[in-house]
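Please keep the sequence and the coordinates at hand while reading.

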There are 2 protein chains.
Amino acid sequence: MTQTTNTSTSNIVWHTHQIDKAVRGSNKGQVPRVLWLTGLSGSGKSTIANLLEQKLVAQDKHTYLLDGDNVRHGLCGDLGFSNKDRVENIRRISEVAKLFVDSGTIVITAFISPFTADRDYCREILEDGEFIEIFVDTPIEVCEARDPKGLYKKARSGDIPDFTGIDSEYQAPQSPEITLQYQDESAIDTAERLYQLLVAQGVV
Amino acid sequence: MTQTTNTSTSNIVWHTHQIDKAVRGSNKGQVPRVLWLTGLSGSGKSTIANLLEQKLVAQDKHTYLLDGDNVRHGLCGDLGFSNKDRVENIRRISEVAKLFVDSGTIVITAFISPFTADRDYCREILEDGEFIEIFVDTPIEVCEARDPKGLYKKARSGDIPDFTGIDSEYQAPQSPEITLQYQDESAIDTAERLYQLLVAQGVV
């Protein structure tokens, strides 16, 4: 296919400045952030993250949700579940989250992300205030009773080795921006409460 | 930090459907795409890509530009320039481009991306019509005369091995959506021409 010259019909003003994070965020009417949910399998990260995204979109925010569904088979499809691969998994997710922040987006992540150093990596590559660590602090007994994917059962029977909380460590955040209980309330009420906390802290 | 329960003050309607690509694109008033610029070093990819992004943003589009500046030190910082690493580099960029499309964004990429199979990989993981291959078809003599970063000089003197167009192959696209000459016109006129072509083809 060949192109035609068409500039003679153009009367468009060209910008002389590069498009950067500030411009992209401003055009979206928001300050870009990473809302990083961390917690055990079954803690409710994905459920809360999905509801939070719906809430933010209803408030005309521009969001994206990174979770196992959209990165494990694509960007991180070459990685397994060894500690080394888990570290690389979270590193890549952190770098992608940074790109989304650079695009002006509020990005929500929902990964167990059990290691403090990995979560801190994401905090460190972002600018101050951009990384919001949200600890979904559900006791393992509750997670195991929920066991939505039957993973705890498999882990207990030895079918899944290195399962976080069973035979692999979960390093709970020591000073997260938000600690969220998700136990006695409904998912919607919990997500609403998280949203109000984010508003109160000036995050969104 | 602890959270407070605040749902009693809430009167917000919760959406019951998941936020997906269609919703995100619709909220941005656009159809998400990957505008994939390919061409030799010095062909003008980055210059045209930057100007095109400015143009699209001026038209209230939501865009993101992926180029060496923002992926080579971050997401792909562990990769070198061997053929194997180059393939992995473009694979990751393709997967990230897909995530941005899923977020409703028009993503522009500016990489040499010399191998047909790698560009086709990105086309294949996207839906029909989302991948727009733009061949910046600048003759190597012109690229080498421009040599904005002095790379051709270094390649000719042997300081950079496996340099595309010198001692590493550039596989020109056989049926790109757009072939763009960038030789005799100014960069702005060329980017304007590209924009008009994208409009004419219903891409943006």
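Helix axes are lines fitted to C-alpha atoms over the stretch in contact, and the angles between them run from 0 to 180 degrees between N-to-C directions. With that convention, helix H4 (residues 83-102) of chain A and helix H5 (residues 116-125) of chain A have axes that come within 9 Å and cross at roughly 25°. Angles under 35 degrees count as roughly parallel, and H4(A) and H5(A) are therefore roughly parallel to each other. The crossing in which H4(A) passes H5(A) is right-handed. On the side of H4(A), the residues that meet H5(A) are Val87(A), Ile90(A), Arg91(A), Ser94(A), Ala97(A) and Lys98(A). Their counterparts in H5(A) are Asp118(A), Tyr121(A), Cys122(A) and Ile125(A). By class, the contact of H4(A) with H5(A) comprises 6 nonpolar, 1 polar and 3 charged residues.

These details belong to a predicted model, and its confidence deserves attention before going further. The model scores ipTM 0.91 and pTM 0.91. In chain A the mean pLDDT is 91, and 92% of the residues reach 70 or more. An exception to note is the stretch of residues 1-13 of chain A, over which pLDDT stays under 50. For that stretch the model has 17 contacts beyond four places in sequence. Where pLDDT is low, the predicted coordinates should not be read in detail.

The C-alpha trace of chain A spans about 70 × 40 × 30 Å along its principal axes. Chain A has 204 residues, of which 42% count as buried. Among contacts in chain A between residues at least 6 apart in sequence, 77% join residues at least 24 apart.

A further helix pair in chain A is formed by helix H2 (residues 45-58) and helix H8 (residues 187-200), whose axes come within 9 Å and cross at roughly 60°. That angle makes H2(A) oblique to H8(A). H2(A) passes H8(A) in a right-handed crossing. From H2(A), the contact draws on Thr47(A), Ile48(A), Leu51(A), Leu52(A) and Lys55(A). H8(A) contributes Ala187(A), Ile188(A), Thr190(A), Ala191(A), Leu194(A) and Tyr195(A). The residues of this contact of H2(A) with H8(A) divide into 8 nonpolar, 2 polar and 1 charged.

In chain B, the axes of helix H2 (residues 45-58) and helix H8 (residues 187-200) come within 9 Å and cross at roughly 60°. The contact of H2(B) with H8(B) has 8 nonpolar, 2 polar and 1 charged residues.

Arg24(B) lies in helix H1 (residues 21-27) of chain B. Is Arg24(B) buried or exposed? A residue counts as buried if 20 or more other C-beta atoms lie within 10 Å of its own; Arg24(B) has 24 such atoms within 10 Å and is therefore buried. Apart from neighbours within four places in sequence, Arg24(B) is in contact with Ile19(B), Ser103(B) and Gly104(B). Arg24(B) and Ser103(B) are 79 residues apart in sequence, yet 5.9 Å apart in space, C-alpha to C-alpha.

Methods. Residues are numbered from 1 along each chain as its sequence is written. Chains are lettered from A and ligands numbered from 1 in the order in which they are written. This is a predicted model: local features need pLDDT of at least 70, side-chain atom pairs count only at pLDDT 80 or more; totals for chains, interfaces and linings use all residues. pLDDT is the predictor's confidence in each residue, from 0 to 100. Two residues are in contact if their C-beta atoms, placed from the backbone, lie within 7 Å. A residue is buried if 20 or more other C-beta atoms lie within 10 Å of its own, exposed if 12 or fewer, and partly exposed in between; C-beta atoms are placed from the backbone. Helices (H or I, at least four residues) and strands (E, at least two) are DSSP runs, numbered from the N terminus. Angles under 35 degrees count as roughly parallel, over 145 as roughly antiparallel, 65 to 115 as roughly perpendicular and the rest as oblique. A crossing is left-handed if the near helix is turned anticlockwise from the far one by less than a right angle, and right-handed if clockwise. Ala, Val, Leu, Ile, Met, Phe, Trp, Tyr, Cys and Pro count as nonpolar, Asp, Glu, Lys and Arg as charged, and the others, Gly among them, as polar.
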